[in-house]
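Subject: Structure handover

Hello,

Here is the structure I promised to pass on. Please open it first, then read my notes below.

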Amino acid sequence: MVPIYTGPSVIQGTGCYAGRDIRKGELIGEYTGERISEDEADKRYEEIEHTYLFQLDDGQVIDAMHDPNPVKYINHSCDPNCEAFEEDGKILIYAMRDITEGEELHYDYSLVADDDDTGLDCSCGAKHCRGTMLGER
Ligand SMILES: [Zn+2]
């Protein structure tokens, strides 16, 4: 795993930064947290706009709210330098290109919206920003 650290982000709130140069394809970290059901996640965060949730293929959700791992602070970008993959029920973050020490890390959240989702507008500043963190249809 690669050393990463958090700091203020130009994209949103707190961001996550490379602690050293990272080569394309390197494993950066794992998105860790408590595994809960989607219903439980809805119950916990109904009233909260900013959450640290990652949906798994089996419908479970990783809740990183109280997890100290800085990976949860990696922001969304429409022109990302990282990619998130699910492998054996784990969410692993890989560099999708070479990254320089001190660069902010981001991946494309490509979220799937519920009917009532709000606050998913994107302001990543990428040239081809989609304007939303939702995935392309
Ligand atoms: Zn964007």
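Predicted model: local features only at pLDDT ≥ 70, side-chain atom pairs only at ≥ 80, totals over all residues.

**The chain.** It has 1 helix and 10 strands. From the N terminus on, the order is β-β-β-β-α-β-β-β-β-β-β. The radius of gyration is 14 Å, close to the 14 Å that the globule rule gives for 137 residues, so the chain is as compact as a globular protein of that length. Its C-alpha atoms fill a box of roughly 40 × 30 × 25 Å along the principal axes. Of the 137 residues, 39% count as buried. Take the contacts between residues at least 6 apart in sequence: 60% of them join residues at least 24 apart.

**The zinc site.** Which residues hold the donors of the zinc ion? They are C78, C122, C124 and C129, each through SG, at 2.3 to 2.4 Å from the ion. Their spacing in sequence is C-x43-C-x1-C-x4-C. The arrangement is tetrahedral, because the 4 donor atoms subtend angles of 103 to 113 degrees around the zinc ion. For comparison, the ideal angle for four tetrahedral donors is 109.5 degrees. C122 has 12% relative accessibility, so it counts as buried. C129, at 29%, counts as partly exposed.

**E30.** This residue is found in strand β3, residues 27–31. E30 is buried yet has no salt bridge. The nearest side chain of opposite charge is K90, 4.4 Å away. Leaving out residues up to four places away in sequence, E30 touches M1, N69, V71, K90, I91 and L92.

Best wishes

Methods. Residues numbered from 1 in each chain as written. Heavy atoms only, no water. Donors = N, O, S within 2.8 Å, 3.2 Å for Na, K, Ca; no water. Tetrahedral: all angles 85-135°; square planar, octahedral: opposite > 155°, others 65-115°. Buried < 20%, exposed > 50% of the residue type's maximum accessible area, 1.4 Å probe, protein only. Helix = DSSP H or I, 4+ residues; strand = E, 2+ residues; numbered from the N terminus. Lys, Arg positive; Asp, Glu negative; His and termini not counted. Salt bridge = Lys/Arg side-chain N within 4 Å of Asp/Glu carboxyl O. Contact = heavy atoms within 4.5 Å. Rg over C-alpha atoms; globule rule 2.2 N^0.38 Å.
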